[in-house]
Amino acid sequence: MKHTHPTYLKYQNKRRLCLICEGYEEHAYLSKLISLKIWNPVYDIKLINAKNNGNIFSHFQIEFQSGYSEYIFILCDTDKKPYTDFLKIKNKINNFLDKKDSADDIVIYSNPCIAQIIIFHWCDEILLSHKKYKVAPIIEKYTGVKDYDEHEFQLNGIMKKIDKENYNYM
């Protein structure tokens, strides 16, 4: 008879990683990458959709205090200058952890937005704006998704176009 371990024991050798996503785009993108199994299976990845940058810190604080995750990272956009929202998030984390530059090791940012990272799956075109109406023609050019405005069906259409091959291209 084959010996099996209880479910809770299966995760003892996994590294528990939490990725807090600023919003729906980041969450959809990271969910897609997880589904492609491109990362080392030693990581048990928990995704949290903060739904906007104003909720990021509270999710970080809750996850940190729970003690469940060994590593916590935040994926967010820098958006536009003077980057006040982005800097507020970093300052809150630094103050919470009582270390001056600790957020630099935790916050992963996309500039100007996550769409830039997504576009890199197909080309090296640099986005000059984070505004959806300016990004939409470029999204359509490479994915066929028209009038992009971050609707769920549009995100699903874009994510269907991402695969291991274009991930490696990126």
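The side chains of K132 and E25 come together in a salt bridge, with N and O 3.2 Å apart, the term being used here for a side-chain nitrogen of Lys or Arg within 4 Å of a carboxyl oxygen of Asp or Glu. K132 belongs to helix α6 (residues 132-143) and E25 to helix α2 (residues 24-35), so the contact ties together parts of the chain that are 107 residues apart in sequence. Helices (H or I, at least four residues) and strands (E, at least two) are DSSP runs, numbered from the N terminus. The model is a predicted one, in which local features need pLDDT of at least 70 and side-chain atom pairs count only at pLDDT 80 or more, while totals for chains, interfaces and linings use all residues. Residues are numbered from 1 along each chain as its sequence is written, and side-chain values use heavy atoms, with hydrogens and water left out.

Buried stands for under 20% relative accessible area, exposed for over 50%, and partly exposed for what lies in between (1.4 Å probe, protein chains only). The pair also takes part in a network of salt bridges that links E25, K132 and E150.

Helix α2, which carries E25, has 12 residues and reaches 16 Å from its first C-alpha to its last, close to the 16 Å expected at 1.5 Å a residue, where the expected span is 1.5 Å times one less than the number of residues. Its buried residues are E25, E26, A28, Y29, L30, K32 and L33, and the helix is followed by K37, whose phi is positive, near 55°.

A second salt bridge to follow joins K46 and E63, whose closest N and O atoms are 2.8 Å apart. This pair links distant parts of the chain, with K46 in strand β2 (residues 43-49) and E63 in helix α3, 17 residues apart. Here K46 is partly exposed, with a relative accessible area of 34%, while E63 is buried at 3% relative accessibility.

In a further case, the side chains of R15 and E70 meet in a salt bridge at 2.5 Å, N to O. R15 lies in strand β1 (residues 15-21) and E70 in the loop between α3 (56-66) and β3 (71-77), so that distant parts of the chain, 55 residues apart, are linked. R15 is partly exposed, with a relative accessible area of 34%, and E70 is partly exposed as well, at 35%. By the rule given above, the count comes to seven salt bridges.
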